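Please keep the sequence and the structure in view while reading.

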Amino acid sequence: MKLRVGVIISLQWLVSTTIVTGGEGFALSTSSPVVTSRQTTSHEIESVYAAKTISSFDKYKKIHAESIKDPEKYWGDLAKTELDWITPFDDDKILQGDLIKGDVRWFAGGKLNACYNALDRHNPDDLAVIFEGDEPDDIRKITYGEMVDKVSSISNALKAKGVKKGDVVTIYMPMIPELAMTMLACARIGAVHSVVFAGFSAEALASRVLAASCEVVVTADHGLRGGRKLDLKSIVNSAMDIVESTNKDLVKNVLVWERDYKDDSTEEVPYEMKEKDVRMDFLVADQRPFCAPEPMDAEDTLFILYTSGSTGQPKGVVHTTGGYSLYAAQTTKNTFDLAPGDVFACVADCGWITGHTYVVYGSLLNGCTTFMFESTPVYPDEGRYWDMIERHKITQFYTAPTAIRLLMKYGNKALAKYDLSSLKVLGSVGEPINPEAWRWYYEEVGKSEVTVVDTYWQTETGGHIVTNLPGITPMKPGSCTYPCYGIDTVVLDPTNGNIVEPDENGCVEGVLAIRQPWPGIARTCLGDHSRYLTVYLKPYKGYYFTGDSVRRDAEGNHFITGRVDDVINVSGHRIGTAEVESALVLHPAVAQAAVVGKPHDIKGQGICAFCMLKNGYEESPELIQELRLKVRTEVGAFCTPDMIVIAPTLPMTRSGKIMRRILRKIVCGETDTLGDTSTLADPAIVDTIIEKVESL
Ligand code: 6R9
């Protein structure tokens, strides 16, 4: 892989489109007016765009206000038009429970199947998936009809291996169509999928399999990325050894897809076959391509997805069949202004929520063609995305700021070679997009004619919660702008939980919370409802707490300013500092570790780890290497620290708490605003650490 800018980022990303709401529908034009000057100021962009969208903006405000005033009417009507139900929900039971008790339920009693909604009800001849593998000529096109047959066979294969309604199936796979198919096959039979990003280590995979008491694991022999083979099967082997050492009989079957399987494949196994391994392609080929979709209650779990939080233990976020499906479908349609025939490309990996909602569920529920991408933005060269957009006539392209910043560094030479006129919407997700990157995306990629949507949301929200809408609400570089329909955002004062009053300029600053439930809200953390309540609902009574701080200007535009918990965001990957710290202290040399985020040009944030060594150990380049390796093997390569500082001690309060705030200031070079250090057990340590960091 050629990397001229000398940065390797671990990208889940490849980037990507609207349920038109209220029945009335907007005749949407997604293009904003041409802004000719390359030096356009953000003010000009806003005013030109705003002029065009003003009447729709009024409509947005009206629909938004109605959706907040009567959420049951808003979501109840949509649920009827956007989803097919086996048993209709009761109009008196659209929303039950609340954010105080933490017992939210949408459409409970109604029965539906998410896989049926995503596949069977669409025209079987339409293209469902375009897959492009690591090599640009590795292309597969799959129709909805073919998807139904294949997914049904996979469903029968899962059943043949004992998977039943409610069982959790862990999926550890590269970005190939079989990944989406396996997720949908689980949904078809009512099994719960738990996709673990294939960049996680064996230890991380094992802990997720154990936490979910999962009996069946689905994987592939290898993945391909940037010309390199990723030996996933060996990682799964190691993970299974770890699982067995804790719970010998837990996992019954490991189902292994083979990348090079052909219908006439010989019996030679292309990997080291273990006792529990099953050759998935052969098993599937033996099944009937018919499997009746299981009727599921709207509140039955569709999937779990582990995500990082403030503690070392990732949370299994639980999403439901009815509410999540509706929210995924609605946000995809609205945010991306989806129209029949669109080729929607979200270049995220299915190991993250963006892949779940926008590669698989949202796009397929809308019946458009979803694009799946296995490779990286710079393989074989930095023109890869633009080449794909031209070749597949991609209409919506959805990626992360980290990828945009990386490609921006290469300049516009590659961009100029390709025809990007098929594009209607460009999306950004995962972290705040800095105005400079926003402008490049809008002006150079979108030729100032394509709407850029900055979509703010989280694993726990199921889909977008704050974003501009093409042709409806104005864009504002650096801001995710306005709340989605049905989302009632509030800015709270973290010191007392009160709603913040606007300052003299009409601006408010505080933490972002949401006042009423929406269908896509996660219902619980697997097996730990009290953690769910503690993290999201108890901090501010009656609100869902996002964990993000925010500034809202007088016009109502939201600017996300960062996490208020110990979560850092590296290349759009959400990483709990506690997970990295737990990995570091597993090394025999480390007595204590503290991890903080450090601004990074391309990745948004990088990881900086401070380690205090045990007596008898000394700093050396070899030790630093070992510590980096420890994080790779315990969590995953994408969490490898960018900087490791060996410190004689860490800044601790007298009660023994590490003051990460001070470390954060030091690595950000803000040593003149360290704040109060008097509560430190040894304030002198601060200067020692500053000297050490400056010497690196
Ligand atoms: C979808 C996803 C969630 C956290 C979230 C916030 C950050 C995501 C953003 C954004 C500013 C955006 N985030 N999108 N910050 N602007 N458009 O990324 O989910 O992995 O759970 O991360 O990412 O901090 O709280 P997840």
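A residue is called buried if its relative accessible area is under 20%, exposed if over 50%, and partly exposed in between (1.4 Å probe, protein chains only). Helices (H or I, at least four residues) and strands (E, at least two) are DSSP runs, numbered from the N terminus. The model is predicted, and local features need pLDDT of at least 70, side-chain atom pairs count only at pLDDT 80 or more, and totals for chains, interfaces and linings use all residues. Residues are numbered from 1 along each chain as its sequence is written, and side-chain values use heavy atoms, with hydrogens and water left out.

**The sheet**

Strands of a sheet pair through backbone hydrogen bonds, either parallel or antiparallel. Here, two strands count as paired if DSSP finds at least two bridges between them. An open sheet is formed by four strands in the order E21-E22-E24-E25, with antiparallel pairing. Strand E21 (489–492) and strand E25 (558–563) are its edge strands, each pairing on one side only. On average, neighbouring strands of this sheet are turned by 45 degrees against each other, direction ignored; the axes behind this angle are lines fitted to C-alpha atoms, for helices over the stretch in contact, and angles run from 0 to 180 degrees between N-to-C directions.

E21 pairs with strand E22 (residues 508–514) in the antiparallel sense, over four bridges. Leu-512 in E22 is the bridge partner of Val-491. From E21, Thr-489 and Val-491 point one way, while Val-490 and Leu-492 point the other way, and all are buried.

Phe-559 in E25 is the bridge partner of Arg-551.

**Backbone exceptions**

Most residues other than glycine have a negative phi, and most peptide bonds are trans. The residues below depart from this pattern in phi.

| Residue | Phi | Loop between |
|---|---|---|
| Thr-481 | about 65 degrees | strand E20 (451–455) and E21 |

Why does Phe-107 count as buried? Phe-107 counts as buried because its relative accessibility is 0%. Thr-481 also has a relative accessibility of 0%, so Thr-481 counts as buried.

A cis peptide bond, with omega about -5 degrees, joins Tyr-379 and Pro-380. Pro-380 lies in the loop between strand E17 (369–373) and helix H11 (384–392).
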